[in-house]
Amino acid sequence: MPPQPFDKPIYVTKPFLPSLDEFTEGVKEIWGSHWLTNNGPILERFNRELSNYFETDNICLFNNGTLALQIGLQGMNISGEVITTPFTFVATSHALYWNKIRPVFVDIEPDYYTLDPAAVEAAITPWTTAILAVHVYGFPCKLNALADIARHYKLALIYDAAHAFGVSVGGRPMSHFGDMSMFSFHATKLFHSIEGGMLTFRDPGLKQTFDYLKNFGFKNEVEVVMPGTNAKMNEMQALMGILVLKPLDKLIERSRRIDATYRECLKNVPGIKFPPPLPVNVKYNYIYQPIEIDEEQFGMSRDALYEALKKYNIISRRYFYPLLCDFACYRSISIKDPLLTARRISERILCLPIYADLALEGVVRICETIAFLQKQSPFAGV
Ligand code: T4K
């Protein structure tokens, strides 16, 4: 029997919500204190919990990840050219643009879609000041190779770790790598605070600068020491963050089972490729479920599958297509690297729904629908 569409849309993600009672308890506390933002008591508690989680005092919270990254780059005085990936969310290079830094887009490696260290090294010029790498889908970048390059050429190494909350390598959370990392706590992330972001950094001296920059540059009531902006996290956000942090390990475990189910149920469907299993020293967060569609073997293009799935109420996403360098605002930048892998992956990638309360039966149904569409394709097996 052909698969039936889902009654309600199955989106690529669905934010985890704590129980309404638990959240209401916290809201009552906020009502009691009348303290809504500007370093309130709940934000301080959240800050402490994250400090424990990441085993460092070098953290700074923001109202979203984009502003965190913008401020991070500014606070570190990054300028000139920064080598980065075109295979990411637009916010990565927008943060450079807002700091008047020129993004230099280079290629990615084919397994986990992170920056190709050889391409990074080939793109270094006298104007290069930093590498901005992305742990895309939470897959750790080539940490050692990038660290070696950064050290050798005296470049700052900055990670957009927007997707990497809950990921660790050799028991060390991703905050331990590079000079600075930005984590996004947006609602669409595995760990979220409705909206929110965080910087972690190696140099403790940066904390003061970031605190100034996110609060208008105020040192005290009468002194403004730099032209900062307003990027503070509020008490409601911090409350949500505290309540989502508690069950995080369980959420990751549920998503791990979803990933295993997808891999098992789609293993015999021609033209579908999953990223290879991660090295054993990586603890992964299963935040996205990317697959590559080989049009020839699958019998249907990635875009055709994306559209066909919508008819079954399965709302997958083409993260990350188009490449950033193909957006109108970046098209005028000259790019030396042909970006062959990034272009190929961006044309083939599809992110399937994954989130903690997606039932495994639902995952099986999504897989059956994909297998059905593949068999129905006029070009299947040609
Ligand atoms: N760097 C990287 C590598 C990033 O991926 C991001 C953000 C950033 C930097 C910047 O961090 P933030 O400033 O955002 O903290 C989403 C998110 O808005 C964005 O945070 C995320 N990356 C990006 C990859 O995805 P959209 O445009 O795809 O979101 P949207 O609204 O289409 O949501 C996707 C699906 O999620 C919806 O179809 C349904 C579901 N959803 C969404 C929301 C907002 C819900 O069920 N409930 C919700 O409240 O960008």
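Glu55 is found in the loop between α2 and β2 (59-62), where helices (H or I, at least four residues) and strands (E, at least two) are DSSP runs numbered from the N terminus. The phi angle of Glu55 is near 55°, a positive value in a residue other than glycine. Glu55 is exposed, with a relative accessible area of 57%; exposed means over 50% relative accessible area, buried under 20%, and partly exposed in between (1.4 Å probe, protein chains only). The model is a predicted one, in which local features need pLDDT of at least 70 and side-chain atom pairs count only at pLDDT 80 or more, while totals for chains, interfaces and linings use all residues. Residues are numbered from 1 along each chain as its sequence is written, and side-chain values use heavy atoms, with hydrogens and water left out.

A positive phi, near 70°, also occurs at Tyr113, again a residue other than glycine. Tyr113 belongs to the loop between β4 (102-105) and α5 (117-122) and is buried, with a relative accessible area of 1%.

Turning to helix α8 (residues 235-245), ten of its eleven residues are buried, so the helix is largely enclosed by the rest of the structure. Among the elements covering these buried residues are α1 (20-33), α2 (41-54) and α9 (248-265), with contact taken as heavy atoms within 4.5 Å. At the start of α8, a side-chain oxygen of Asn234 comes within 3.0 Å of the backbone nitrogen of Met236. Such a polar contact is a pair of N or O atoms within 3.5 Å; within protein, one must be able to donate a hydrogen and the other to accept it, and residues adjacent in sequence count only if both atoms are side-chain atoms.

The ligand is surrounded by 26 residues, the closest being Thr66, Asp160, His163, Ser184 and Tyr319; a residue is near a molecule or strand if one of its heavy atoms lies within 4 Å of it. Oxygen atoms of the ligand lie 2.9 Å from a polar backbone atom of Gly65, 3.3 Å from a polar side-chain atom of His186 and 2.8 Å from a polar side-chain atom of Arg317.

Two cis peptide bonds deserve a look. One joins Tyr319 and Phe320, with omega about 10°, and another joins Tyr321 and Pro322, with omega about -10°. Phe320 is placed in the loop between β16 (314-315) and α12 (340-348).
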